[in-house]
Structure formats: C-alpha cells, structure tokens
Amino acid sequence: MDAELFPRTRAQVAPGAVHVPDWLDARAQRELLDDCREWARPPAGLRTVRTPGGGTMTARQVCLGWHWYPYGYSRTVVDGDGAPVKPFPGRLGALARRAVADTLGAGTARDAAYDIALINFYDGDARMGMHRDSDEKADAPVVSLSLGDTCVFRFGNTGTRTRPYTDVELRSGDLFVFGGPSRFAYHGVPKVHAGTAPRELGLTGRLNITLRVSGL
C-alpha cells in the first residue's frame, strides 16, 4: 500500500508494525495527559530541539529516563537547562510491555527493560521529517501513543526516506508499535489536523508518547 490511508481498524501496516485504534480509553487518555503536563514543567521540561546544522524541530520535546539530543542520549539536558533528566516511571514500562504483547505477541517484550520516554508536542503547524529511531543500543519494539489532534503518520521502509511508505491516520488514544523487521523503518509526521482533539480531553495540539529500550 503506497501513501493511502489505512481504514480505522486494527491493522498490520508492515511486518512487525501494528496500528490499534482507540487503544487508550477516555480515562486513560486524561490520566496520561495529566502526567505529561507535569513532566513538561521545568526543570528538564519541554524544550525546543536544535539540530547540529543549526535548525530547530517544530515539535517540542521532553524526555524521561534518558535525555535524547541529536544524536545520542545523556542523563542531563545537555542541549537545554542542564538539569538531570526526569525519572522514567515504571508504569510506562508496564504500559509499553502490555502494548507489545497486545500487538506482536506475549513473548516479544515480556522482559524488555523500557527506560526511555520521548514526548513530542505538536501544534497545528508542527511536522516531523522522515527519520529512524536508531540511537538506542537495543532493538526492542518502539511503542507510540497519541493524544489530542489527529495526525498523518507516514511509515516507510528501512532503506530510504522515500517511497514505498504508508500513511496512517493516528487519532487520540491510538497505539502504534513497530519492531522486528520494521524496527528501524523510516517514519515521520507530514501533517497535523489542528482542532481535531476530543473536546473532553482539554488538549490543544497533539502529544506523541514514544517508549523505547535504551540498552545503555
């Protein structure tokens, strides 16, 4: 399938890559949003990420467990206020393992030591270019949870940032997991549909919570 939106049903987008709509119910979404608001507070709070070339990412970010910066990890916010990174909550690790078991099978990540959360905030104009999550020293599946505005999530291949790729509509509460042969696939967010968040959630914009195993 090439740049066509998948329907709103549970689907394997590529080998090892699974989309589950509405995986988080309304209560779980509100609780996770409340947590994200606390994590976004300084110190080591929400920041603008600057690339080595001098550019900036349009999605802002806060990290838990390990601090990601282009292109590595540290225990302090080396490209921000220098504060120690906030701890990774054990409940997020349990959530990640449950997500992997639900999508890729119970044995896939039973003992995986999830220890990184990258939380990206997108306003209506934010985008994310095609990239791979390849700074970790482990190949455990990546778990992605969406809150707020709907986006187009572009999931590609492991060899190139270009086609073939598949566009998937991610709405608030959706789960996307990619591991195995798709663990190092290129992916990005070419569009956010502003104003589409569930009204009762009370969020303007989109939050993406990405959970990973560092292997560090």
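**Close-up views of a predicted model**

**View 1. Surroundings of Ser144.** Apart from neighbours within four places in sequence, Ser144 is in contact with Asp174, Leu175, Phe176, Asn208, Ile209 and Thr210. The structure shown here, as in every view below, is a predicted model. Ser144 belongs to strand S8, which covers residues 142-148. With a relative accessibility of 7%, Ser144 counts as buried, because the limit for that class is under 20%. A polar contact of 2.7 Å joins the side chain of Ser144 to the side chain of Asn208.

**View 2. Helix H2 and its buried face.** Helix H2 is formed by residues 90-104, 15 residues in total. From first C-alpha to last, H2 reaches 21 Å, close to the 21 Å expected at 1.5 Å a residue. The buried residues of H2 are Leu92, Gly93, Leu95, Ala96, Ala99, Val100 and Thr103. Viewed along the axis of H2, these buried residues fall within an arc of 160 degrees and therefore line one face of the helix. In an α-helix there are 3.6 residues a turn, so residues three or four places apart point the same way.

**View 3. The residue following helix H2.** Gly105 follows H2 and has a positive phi, near 115 degrees.

**View 4. The largest pocket.** The volume of the largest pocket is about 600 Å³. Its lining comprises 32 residues, and those nearest the centre of the pocket are Met128, Gly129, His131, Arg132 and Asp133. Five strands each supply at least two residues of this lining: S6 (116-122), S7 (128-131), S8, S12 (187-193) and S13 (206-212). One of these strands, S8, is also the strand in which Ser144 lies.

Key
Residues are numbered from 1 along each chain as its sequence is written. This is a predicted model: local features need pLDDT of at least 70, side-chain atom pairs count only at pLDDT 80 or more; totals for chains, interfaces and linings use all residues. Side-chain values use heavy atoms; hydrogens and water are left out. Helices (H or I, at least four residues) and strands (E, at least two) are DSSP runs, numbered from the N terminus. Buried means under 20% relative accessible area, exposed over 50%, partly exposed in between (1.4 Å probe, protein chains only). A polar contact is a pair of N or O atoms within 3.5 Å; within protein, one must be able to donate a hydrogen and the other to accept it, and residues adjacent in sequence count only if both atoms are side-chain atoms. Contact means heavy atoms within 4.5 Å. The expected span of a helix is 1.5 Å times one less than its number of residues. The arc is that of the directions from the helix axis to the C-beta atoms. On a 1 Å grid over the protein atoms alone, a cavity is a set of points where a 1.4 Å probe fits but cannot get out, and a pocket is an open set with protein on both sides within 12 Å along at least five of seven lines; lining residues have an atom within 4 Å of a point. Grid points are joined across faces, edges and corners, and a volume is the space filled by probe spheres set on the points.
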